[in-house]
Amino acid sequence: MKLCVIEGDGIGREVVPAAVRVLRQVIPDLEFVSAEAGWDRFQLTGEALPEETVARAKDAGAVLFGACSSPSYQVEGYASPIVSLRKRMETFANLRPTRFLPVPTAREGVNLVVVRENTEDLYVGDEQTADAGDTGTATKRITRRATERIAHTAFRLARNEKRRLVTIVHKGNVLPQTDGLFRRVAYEVASAYRDIETDELLVDTAAYWMVKEPARFDVVLTPNLYGDILSDMAAAWGGGLGLAPALNIGAEVAIAEPIHGSAPDIAGQGIANPTAVILSAAMLVRHHWNLPEIADRIDAAVNAALSKGDYTADILGANGMSTDQFADVICEQLG
Ligand code: ATP
């Protein structure tokens with residue numbers, strides 16, 4: 001088994017080594033290959049995602065990705081390397097679970113997973129400007145093929161994890177040709193999974209219920225952009241972005257990547273919470289390498305550490321542990 005490790009930018013460089021330590025401990029014969037990508041890399045070389053990195057990622061088939069910074073203004077020649085890598089590896093689904101963790105910032109009873117379509121919607125990146133820059137237009141693409149694929153992923157996951165309900169989230173009343181298609185195809189797929197309940201919410205209503213009653217949700221099946229936003233909202237109930245894992249999956253490939261970004265406000269201080277990336281690594285172990293016992297061990301070590309009150313600064317404030325101290329605790333727990 002081989003893992004391509006891309007630390008990326010900002011806190012990615014601090015939290016990824018913690019997850020690598022954990023993986024080394026639980027899978028001693030795992031082979032690691034490192035590769036570069038990100039905004040820092042772009043500024044040095046003019047390339048955000050070098051071909052060599054894509055080749056190493058594809059060869060390994062499994063990637064652990066930290067985070068990358070993307071400027072909020074257009075930079076000639078720059079495109080988000082993680083969005084590009086997801087496309088190049090054809091990871092069509094992004095699984096973003098939120099479950100209660102024993103920290104004061106989390107909400108009891110929450111245990112949901114957002115299954116986010118990962119290849120289309122507004123993220124196809126087809127934007128144009130007209131009127132000398134005063135009008136911007138973006139393409140929102142939804143296809144039957146991609147929707148069938150993501151819907152099957154959501155229902156299979158529901159079955160495998162013994163979940164009861166899949167909620168289709170869309171805005172089909174305003175966007176009948178795109179979100180309406182997503183809704184229709186999702187219901188067609190649902191008919192093959194009669195053991196799982198299906199319902200639907202418009203995305204604005206879903207946002208309301210996500211804040212008011214997150215335990216209402218089980219599996220959320222949704223296009224790319226809504227999935228991105230709703231999973232960040234859900235992460236607040238899981239205790240915060242520092243604890244929120246994610247896994248991109250494709251046919252025989254996977255990219256573990258926490259949902260947080262490069263957190264420039266705290267980067268370089270050694271205080272970032274590595275839990276999100278450690279739990280993302282556990283998802284890779286569970287879903288990609290199919291080693292549930294090892295994934296359970298990692299999850300249990302994180303739970304045990306948090307139950308003892310071992311918190312980083314995002315949870316405890318100034319007296320919180322450093323990234324490395326927290327990683328030490330997890331490795332001790334793993335024995
Ligand atoms: P980017 O531009 O790379 O997306 P960002 O700061 O806009 O960076 P995030 O990196 O997701 O977005 O950070 C949002 C907030 O959450 C920041 O205040 C950041 O410090 C905090 N945060 C994110 N991840 C962590 C973490 N692992 N540990 C502690 N705090 C975190």
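How far is the sulfur of Cys68 from the closest cysteine sulfur, and which residue holds that sulfur?

Tutor: The sulfur of Cys68 lies 14 Å from the closest cysteine sulfur, which belongs to Cys4 and is too far for a bond. A disulfide is a covalent bond between the sulfur atoms of two cysteines. Here it is counted when two cysteine sulfur atoms lie within 2.5 Å.

First, the ground rules. This is a predicted model, with residues numbered from 1 along each chain as its sequence is written. Local features need pLDDT of at least 70 and side-chain atom pairs pLDDT 80 or more, while totals for chains, interfaces and linings use all residues; side-chain values use heavy atoms, without hydrogens and water.

The structure has zero disulfides. Cys4 is in none, and Cys68 holds the nearest cysteine sulfur to it, 14 Å away. Buried means under 20% relative accessible area, exposed means over 50%, and partly exposed is in between (1.4 Å probe, protein chains only). Cys4 has 0% relative accessibility, so it counts as buried. Cys68 has 15%, so it counts as buried too.

Now step back to the chain. Of its 335 residues, 52% are buried. The radius of gyration, taken over C-alpha atoms, is compared with 2.2 Å times the number of residues to the power 0.38. A compact globule of 335 residues would come near 20 Å; the chain has 19 Å, which agrees. Contact means heavy atoms within 4.5 Å. Among contacts between residues at least 6 apart in sequence, 74% join residues at least 24 apart.

The chain has twelve helices and twelve strands. These are DSSP runs, numbered from the N terminus: helices are H or I with at least four residues, strands E with at least two.

Take helix H8, residues 224-237, as an example of burial. Its 14 residues should span 20 Å, and its end C-alpha atoms are 21 Å apart, which agrees. The expected span is 1.5 Å times one less than the number of residues. Buried in H8 are Asn224, Tyr226, Gly227, Leu230, Ser231, Ala234 and Ala235. Down the axis of H8, these buried residues fall within an arc of 165 degrees, so they line one face of the helix. The arc is that of the directions from the helix axis to the C-beta atoms. Their cover includes strands S4 (93-99), S5 (111-117), S8 (165-170) and S10 (219-222), with helices H6 (179-190) and H7 (203-212). Just after H8, Gly239 has a positive phi of about 115 degrees.
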